[in-house]
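The sequence and structure come first.

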Amino acid sequence: MATPHFSSALSAPAGSAAYPMAKPGYGKRSTPGQQARTRDDFSLLPTRERYVAGFVDHLPDGAAMSVKQLAKQLPLYGQQAISTALKALSVAGHLRRVRCAVGAGDETRWVFRTFWSRTARDNEWWTTYLATETASRSAGSPPPAPAPVAVPQQRTAPEPTPDPAPAPEEPAPTPTARTAPPAAPPAAFSPAYLALAELGRKDIRLALSADDCAALEPHAAEWLARGVTTDYLIAALTAGLPAQVDCPPRFVRRRLTDKIPPQLPTAPSPSPSDGTPAPRLLMECTDCGRPGPPEALPDGLCRPCLAAHSAGGPPSPDPTEIAAVKAHMANIRDLLKAP
């Protein structure tokens, strides 16, 4: 019999320090905009679901989220109980399981991720979030956080300032005092400017001056406005360089213009009826693993599993939904084969 746990925000057990991590690109992914962790988290859930939710919430991003691994770390419950608890957490709005197509052509593979939210979300929020999540992000590294990118680069940003003596002189009449304000720009450098300044450190062939970075900053900012990260921008500009780059500013400007990514929608749009291929992202039913578009799996469950969850019985196959899923995946295969 399981021992009751009165704290809704349980910490990970002592043995979880060595909890196995999934392969890069797989495993747990935390969603943005979650509320701060408190002892009242998951207080409305039953004891078992509250215990599992508290454990998952304390796991780091990238942790393995398979039922087998969770059951090894939670000895109070077996694999079937853990699977049922995850299904309940999906219905409660705390998690969604997603598979993403990564790569192109013969190198395409599926990446499986479990998106987690400490704050319960409704179906509309999950559908919007998953629709805007870029499935083309590299599976070799987790989504980069903006802070680690800006902090180390800001320390090196003062290099462009030409003042040899940043003395904090206050006299107003002297002309040198008017040149003191340039000491403030490091805090105002945009992510686009910092990404351009980082190019020379990634590859000396693309070393840019301070004036070059300032001139190219609007072009790089347009990339970031289309939803890409600074890591993506740097990788796109430094990939496949020729043996010699005669004019780095002109070369970078050309790449910023020619390789700019497409503008992605910021909200889910209705599925077109003109045969346009489906997006390269599928949600998985938390119970049976059946794939489908996010809007077709309310509460993270396919229709048969959702009906069974409501009625308390086993799910029955739905031929119509199976045919729809097969057609959806056929569209994805056509999209992956397209040049």
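Before looking at handedness, I noted the convention: a crossing is left-handed if the near helix is turned anticlockwise from the far one by less than a right angle, and right-handed if clockwise. I took helices as DSSP runs of H or I, at least four residues, numbered from the N terminus.

I recorded that this is a predicted model, in which local features need pLDDT of at least 70 and side-chain atom pairs count only at pLDDT 80 or more, while totals for chains, interfaces and linings use all residues. Residues are numbered from 1 along each chain as its sequence is written, and side-chain values use heavy atoms, with hydrogens and water left out.

Entry 1, helices 7 and 8.
I looked up how helix 7 passes helix 8 and found a right-handed crossing. Helix 7 and helix 8 (residues 230-238) pack at about 125°, with axes 10 Å apart; axes are lines fitted to C-alpha atoms over the stretch in contact, and angles run from 0 to 180 degrees between N-to-C directions. The two helices are therefore oblique to each other; angles under 35 degrees count as roughly parallel, over 145 as roughly antiparallel, 65 to 115 as roughly perpendicular and the rest as oblique. Ala-220, Trp-223 and Leu-224 of helix 7 meet Thr-230, Tyr-232, Leu-233 and Ala-236 of helix 8, where contact means heavy atoms within 4.5 Å.

I found helix 6 (residues 191-202) packed on helix 7 (residues 210-225) at about 120°, with axes 7 Å apart. This crossing is right-handed too. Among the contact residues are Tyr-193 and Leu-196 of helix 6, and Cys-213, Glu-217 and Leu-224 of helix 7.

I defined a nonpolar core as a set of buried Ala, Val, Leu, Ile, Met, Phe, Trp, Tyr and Cys residues joined through side-chain atoms within 4.5 Å. Buried means under 20% relative accessible area, exposed over 50%, and partly exposed in between (1.4 Å probe, protein chains only). The largest core has 24 residues, and Val-52, Leu-70, Ile-82, Leu-86 and Leu-89 have the most contacts inside it. Helix 1 (47-58), helix 2 (67-73) and helix 3 (79-91) each supply at least two of its residues. Beyond its neighbours within four places in sequence, Leu-70 touches residues including Tyr-19, Phe-55, Ile-82 and Leu-86. A second, separate core of 23 residues includes Phe-189, Tyr-193, Leu-199 and Val-252.

I located Pro-304 in helix 10 (residues 303-311). Pro-304 counts as buried, at 9% relative accessibility.
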